Amino acid sequence: MTMLIAAGLVLGSAPAANASLTWSTPTLEYDPTTVQTTAYSYAPDLVPGTTDRMWSCQSRSSGTIRDDIFETRLNGSTQISSASVLAGSGSGWDSFHNCDPSVVAVNATISGFGYSYALFYTGNDADCSCHNQIGVAFSSSLDGPWVKYPNPVIAFDSSKATSLWGEGQPSVTTIDPNAGTVVLTWTSGYTSNPADSTGNFAQVSFATGTPVVSGRHTIQTTGLTDLNGAQDYLNNFDIVYSTTRDTFYMIREAHPYPSTSPNYISSTVQVASIPGAGMWSGTGSWTVQSTIGNSVSSAARIHNPGFSRTIYGTLPNEASLTALFTTATLDPNSLWTYKIWKTSSTL
């Protein structure tokens, strides 16, 4: 099954990607300490253009461990501005952390107002990595203001303990902007063991004025390997779609996590691909394209990755793939060293 993307073109098969990628020397995309003296930034979503726009999780204020979503505007390597554009609500399900942004173009009429863009995000209501749910905010401009839909699009399983991780890390691709439909992928985790996490796929429609989720299934993990060559699980990933190949590319944290502190983020990220039909059906097998580790970044930790994507969630250039990742030093205080880097490879 092929995807219907952007202008309504039904796309067929084309030559597959190379099964080996060679990454350029990484460049520093964003250092949050240029905005706040003591800060962290991670989980980037970059939309290139005359002005590049990148959304990421960042500390709400200097020295504070509380995530807002920041928009950083860039002209090449020159930072134009960076500021919080989505923060915790005063009360309710997303009142504390707001993180993991994924922005796409899609027409939606909500409560009588028409919008052109949707920002999916992870939200929670506690000072913890727990009780996460996925929400969406809307805007008529990429620069906001963003208006939150009041209820989660993907809600926490109420039968589970609220101390568990829940639902989060959305990545979104537009199916048809005029019809108000997108593909949503995300991570679910309801045990204390990260290896029990799953990747999920669903279609979300805004045609009725309310987010309607359909076709939900678990994303296949066949072909995904850990750093020891064994079958791996799936969490903390981003997706980009190649229209000419009818292929999804994934960048994800590779496992096992390091035994030294910090042991909750990865030392390597992996890039893999799967035909569109495999993503739609939850079948098929991934092809591992490459890993990005210390030999590329020279960093102790490489984690919370993303892709450069068009506003529809597709490749900006079908001949190349641009990856973003977060780096960190070893503890103590590794959180305050989180910075975002960028690297590219020919496809």
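## A pair of strands

Strand β21 (residues 320-328) pairs with strand β22 (residues 339-346) in the antiparallel sense, over 8 bridges. Strands here are DSSP runs (E, at least two residues), numbered from the N terminus, and two strands pair if DSSP finds at least two bridges between them. Ala-323 has Thr-343 in β22 as its bridge partner.

## Basis of the values

This is a predicted model, in which local features need pLDDT of at least 70 and side-chain atom pairs count only at pLDDT 80 or more, while totals for chains, interfaces and linings use all residues. Residues are numbered from 1 along each chain as its sequence is written, and side-chain values use heavy atoms, with hydrogens and water left out.

## The open sheet

The order β3-β22-β21-β20 describes an open sheet of 4 strands with antiparallel pairing. At its edges are β3 (27-30) and β20, each pairing on one side only. From one strand to the next, the twist averages 40° (axes are lines fitted to C-alpha atoms, and angles run from 0 to 180 degrees between N-to-C directions).

## The cavity

A search of the whole structure finds 1 cavity of 30 Å³ or more. A cavity is a set of points on a 1 Å grid over the protein atoms alone where a 1.4 Å probe fits but cannot get out; lining residues have an atom within 4 Å of a point. The largest cavity holds about 150 Å³ of space, a volume being the space filled by probe spheres set on the points, which are joined across faces, edges and corners.

Among the 14 lining residues, Ala-43, Pro-170, Phe-237, Asp-238 and Pro-305 are the closest to the centre of the largest cavity. At least two lining residues come from each of β4 (41-47), β8 (98-110), β12 (166-176), β16 (237-242) and β20 (301-307).

Technical notes:
1 Å grid on protein atoms, 1.4 Å probe; cavity = no way out; pocket = protein on both sides within 12 Å on 5 of 7 lines; lining within 4 Å.
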